[in-house]
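Biologist: I would like to learn how to read the features of a model such as this one, step by step. Could we begin with the way helices are placed against strands?

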Amino acid sequence: MTAPSTFGLSSEARNLHWLLSNLVEEVPGIQSVAVVSSDGLLLLSSDMSRNEAAREAQSEKRTGPRGSAADLATIVSGIGSLTVGAAKLMDFGPVKHTMVAMDEGSLFVMSISDGSLLGVHGSAECDMSVVAYHMALFVGRAGHVLTPELRSELRKSLENDAPRSGR
């Protein structure tokens, strides 16, 4: 996880970290994952170093966004905002999920609760139906606990573990 230590976090926060770790570890082809709040702030992220073996196996290919977990969060937030706007214009109800298929991978975005989003970047070899299924499981398990208090706790834990350069 972006915050490697869950020491001092509430049981709900530790459970979300565990759920996200399981998502990354159990689903083949997942490169990176981000949970983003409704205001676009990163709440949880997979640790790219956990996927080192997968990256070495695909050393010729890109394995994720070029920058940090914040880059994936920005992409997920932007796509989420765009699709919510489109859904409002079309008047077909709220967006449940979005998928972007690319030559060398896929991006999945799924609503969690109160505008929070789960974003998954998968390799070209990942099975999209398996990824979507496991994302739905995560959302079902995480959605009811992702309260404003928990979102605040997760943001603070990321801020506390962020590098202190330039401050």
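Modeller: Let us begin with a term: axes are lines fitted to C-alpha atoms, for helices over the stretch in contact, and angles run from 0 to 180 degrees between N-to-C directions. Please keep in mind throughout that this is a predicted model. With that in hand, helix H3 lies across S1, S2, S3, S4 and S5, and runs at about 65° to S1. Helix H1, for its part, lies across S1, S2 and S5, and runs at about 155° to S1.

Biologist: How many helices and strands does the protein chain have, and which pattern does it follow along the sequence?

Modeller: There are five helices and five strands in the protein chain, and reading along the sequence gives the pattern α-β-β-α-α-β-β-β-α-α.

Biologist: In what order do the strands of the sheet lie?

Modeller: As a general idea, the strands of a sheet pair through backbone hydrogen bonds, in either a parallel or an antiparallel manner. Here the five strands make an open sheet in the order S2-S1-S5-S4-S3, with antiparallel pairing. The edge strands are S2 (42–45) and S3, each of which pairs on one side only, and the twist from one strand to the next averages 15°.

Biologist: How many bridges join S1 to S5, and what is the bridge partner of Val33?

Modeller: S1 (residues 30–36) and S5 run antiparallel and are joined by six bridges, and within S5 the partner of Val33 is Val120. Strands S3 (residues 97–102) and S4 (residues 105–111) likewise pair in the antiparallel sense over six bridges, with His97 bridged to Met110 of S4. These two strands, S3 and S4, form a hairpin that has two residues between them.

Biologist: How do the axes of H1 and H4 cross, and which residues make the contact?

Modeller: The axes of helix H1 (residues 11–26) and helix H4 (residues 128–142) come within 10 Å and cross at roughly 175°, which means that H1 is roughly antiparallel to H4. On the H1 side the contact is made by Leu16, Leu19, Leu20 and Leu23, and on the H4 side by His134, Met135, Phe138, Arg141 and Ala142. These residues of the contact divide into seven nonpolar, one polar and one charged.

Biologist: What share of the residues of the protein chain counts as buried?

Modeller: Of its 167 residues, 41% count as buried.

Notes:
Residues are numbered from 1 along each chain as its sequence is written. This is a predicted model: local features need pLDDT of at least 70, side-chain atom pairs count only at pLDDT 80 or more; totals for chains, interfaces and linings use all residues. Side-chain values use heavy atoms; hydrogens and water are left out. Two strands pair if DSSP finds at least two bridges between them. Helices (H or I, at least four residues) and strands (E, at least two) are DSSP runs, numbered from the N terminus. Angles under 35 degrees count as roughly parallel, over 145 as roughly antiparallel, 65 to 115 as roughly perpendicular and the rest as oblique. Contact means heavy atoms within 4.5 Å. Ala, Val, Leu, Ile, Met, Phe, Trp, Tyr, Cys and Pro count as nonpolar, Asp, Glu, Lys and Arg as charged, and the others, Gly among them, as polar. Buried means under 20% relative accessible area, exposed over 50%, partly exposed in between (1.4 Å probe, protein chains only).
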